[in-house]
Amino acid sequence: MLVLYSLAFIFINVTGIGNIYYSLMGLAEKSREMYFNKWIMLGLVLIVPILPLANTPAQVLLNKATLLSMLLSILASLLFTVLSVTLFKVIIRKYTSASS
């Protein structure tokens, strides 16, 4: 979410950014097994880490989680936290106020 809202410092009209987030979270409501295409699954796991972060807690509660899926969830959350904070800092550095 921080990555999406960081775009507000670059673009002028960002009213639809919240909708992107909620649409992506709508994808996460589905089970991981629903995405049978490996490219879609790879995109939702690596590019936008929705599936590991949303499905792993449910899999743990249902005793269906593997050690690999839990480790991938932790790795994805750490990676995207670092990425989003770094991107936010870079964008803030380049930001110039409209009033100055």
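Guide: Asn63 lies in the loop between α4 and α5, where helices are DSSP runs of H or I with at least four residues, strands are runs of E with at least two, and both are numbered from the N terminus. This is a predicted model, in which local features need pLDDT of at least 70 and side-chain atom pairs count only at pLDDT 80 or more, while totals for chains, interfaces and linings use all residues. Residues are numbered from 1 along each chain as its sequence is written, and side-chain values use heavy atoms, with hydrogens and water left out.

Asn63 has a positive phi of about 60 degrees, although Asn63 is not a glycine. Asn63 counts as exposed because its relative accessible area is 71%; exposed means over 50%, buried under 20%, and partly exposed in between, with a 1.4 Å probe and protein chains only.

With a relative accessible area of 39%, Val60 is partly exposed. Val60 also belongs to a nonpolar surface patch of about 560 Å², together with Leu67, Met70, Leu71, Ile74 and Leu78. Such patches are made of residues with over 30% relative accessible area and no salt bridge; nonpolar side chains (Val, Leu, Ile, Met, Phe, Trp, Tyr) are joined within 5 Å, and like charges within 9 Å. A salt bridge is a side-chain nitrogen of Lys or Arg within 4 Å of a carboxyl oxygen of Asp or Glu. Helix α5 gives the most to the nonpolar patch, with five residues.

The buried residues of α5 are Ser69, Ser73, Ala76, Ser84 and Ile91. Ser84 is counted as buried because its relative accessible area is 10%. Beyond its neighbours within four places in sequence, Ser84 is in contact with Leu2 and Val3, contact meaning heavy atoms within 4.5 Å.

The whole chain gives the setting. Its elements run α-α-α-α-α from the N terminus on, with five helices and zero strands. Buried residues make up 23% of the 100 residues. The accessible surface, found by the Shrake-Rupley method with a 1.4 Å probe and, for residues, only the protein chains shown as cover, comes to about 7500 Å², of which 72% belongs to carbon and sulfur atoms.

Confidence is given as pLDDT, the predictor's confidence in each residue from 0 to 100. The mean for the chain is 77, and 84% of its residues reach 70 or more. Confidence is highest in α5, at 85, and lowest in helix α3 (residues 38-47), at a mean of 69.
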